[in-house]
Amino acid sequence: MTAFSIAETAAMHRALDAAASPDVPAGPNPRVGCVILSRTGDVLAEGHHRGAGTAHAEVDALKNLTASGFSARGTTAVVTLEPCNHQGRTGPCSQALLDAGVAKVVYALDDPTAQARGGAAALAAAGVRVQRGLCAEQAARLMRPWLFAVRTGRPMVTWKLAATLDGRIAAADATSRWITPPAARHDAHRLRRDCDAIMVGTGTVLADDPALTIRDDAGEPAPARLQPLRVVVGSRPVPPTAQVLADDNHLLLSERDPHAVLAALAAREIRHVLLEGGPTLAAAFLRAGVIDEVVAYIAPALLGAGPAATADFGVSTIADILRLGQVHVEVLDAGGDPAIRVTGDLGGTDRATTTVPSSMTTPTTPQHAEENH
């Protein structure tokens with residue numbers, strides 16, 4: 001079993017925190033952080049990747065090291081992902097580390113891509129000490145959407161819903177603001193920040209005219225570079241005044257097959273999609289078996305009538321029930337106005353039917369989803 005020092009472990013946690021920085025937009029590349037340690041285990045510099053076309057984490061850390069007046073010769077680089085070994089928009093990180101004189105590299109995960117992997121072998125062949133596997137589980141959680149997309153060739157889909165205890169997303173008169181309290185809505189905006197795209201059906205756009213943007217706790221919009229792509233699925237026309245069309249950061253898809261929708265998003269290098277509404281679109285993706293994660297905000301309230309969180313997706317007997325795995329339950333409470341957040345996986349459902357039902361373009365129930373606004 002590989003032994004890592006206390007300083008290396010602390011540095012890896014720091015690198016993971018840097019990689020998770022909120023200033024990094026979701027995008028096609030993995031979240032990577034790097035910390036450089038002295039021979040005695042002191043932190044000399046850190047860096048992280050800030051999105052496509054920017055310096056990789058190792059290069060960013062080396063630049064910060066030089067700016068601080070230190071030399072990298074004889075140091076240890078602690079990185080959340082195997083240093084890349086290819087020439088893309090930027091040069092190979094493995095070569096940058098070699099050129100700088102780094103003596104040891106500790107990393108969490110192997111790079112799974114044929115294009116970039118091999119950096120560890122190249123470093124070892126050049127005489128650099130290389131150790132892998134430190135905090136691998138934490139790194140895998142951080143990079144889960146990217147790893148999923150690399151493995152499957154399609155974006156990871158998270159379905160977010162907000163409902164009452166009896167599963168209603170709006171009242172019988174179609175009113176839906178607000179079922180869940182502010183704490184849940186603020187948390188949902190943090191969830192949006194982790195996604196490349198937010199997806200709804202045309203029914204939700206026509207019923208609610210959502211903005212589908214990220215806002216902070218004060219209600220102010222995040223910078224444009226951090227805003228996810230707004231995706232509307234369905235064949236009904238979207239009014240030119242709709243908020244989702246406010247700028248060019250949107251995509252209208254008339255596809256009826258969820259797999260085709262995801263293929264179109266994969267072609268745009270989308271790695272993580274947040275499906276927010278409405279119930280017909282959610283049912284289509286459930287039926288197709290392409291919802292991978294569920295995040296449900298449950299209000300401790302009852303409505304008794306009104307549209308359900310999802311339409312029929314083909315389960316007619318308890319034996320076919322879809323149960324979440326890796327379930328995590330958390331109470332969100334701000335000022336005594338609580339909601340329950342339930343998160344779990346739906347991986348491996350792979351149901352046979354892949355086409356969106358015809359009701360998607362002619363919804364029979366209101367499409368309201370309160371946190372879409």
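The following exercises, each with a worked solution, concern a predicted model.

In this model, local features need pLDDT of at least 70, side-chain atom pairs count only at pLDDT 80 or more, and totals for chains, interfaces and linings use all residues. Residues are numbered from 1 along each chain as its sequence is written, and side-chain values use heavy atoms, with hydrogens and water left out.

**Exercise 1. Find which residues of helix α6 are buried, and what covers them.**

Step 1. Helices (H or I, at least four residues) and strands (E, at least two) are DSSP runs, numbered from the N terminus. Helix α6 spans residues 144-152.

Step 2. Buried means under 20% relative accessible area, exposed over 50%, and partly exposed in between (1.4 Å probe, protein chains only). In α6 the buried residues are P145, W146, F148 and A149.

Step 3. These residues lie on the same side of α6 because they cover an arc of only 160° around the axis; the arc is that of the directions from the helix axis to the C-beta atoms.

Step 4. Their cover includes β3 (76-81), α5 (136-142), β6 (156-164) and β10 (272-277).

**Exercise 2. Describe the surroundings of E58.**

Step 1. E58 sits in helix α2 (residues 57-67). The unreviewed UniProt entry gives E58 the feature "active site"; such annotations may be inferred rather than shown by experiment.

Step 2. With a relative accessible area of 3%, E58 is buried.

Step 3. Contact means heavy atoms within 4.5 Å. Leaving out residues up to four places away in sequence, E58 touches C34, V79, L81, P83, C84, C93 and L97.

**Exercise 3. State the strand order of the open sheet of eight strands and identify the edge strands.**

Step 1. Two strands pair if DSSP finds at least two bridges between them. The order is β9-β8-β7-β10-β6-β11-β13-β12, and the pairing is mixed.

Step 2. β9 (250-253) and β12 (325-334) each pair on one side only, which makes them the edge strands.

Step 3. From one strand to the next, the twist averages 20°.

Step 4. β12 pairs with β13 (residues 337-345) in the antiparallel sense over eight bridges. Here A334 stands opposite D337.

**Exercise 4. Decide whether R192 and L212 are buried or exposed.**

Step 1. The unreviewed UniProt entry lists R192 and L212 among the positions of a "binding site".

Step 2. R192, in helix α7 (residues 182-193), is buried at a relative accessible area of 1%.

Step 3. L212, in the loop between α8 (202-208) and β8 (229-233), is buried at 0%.

Key. Axes fitted to C-alpha atoms, helices over the stretch in contact; angles between N-to-C directions.
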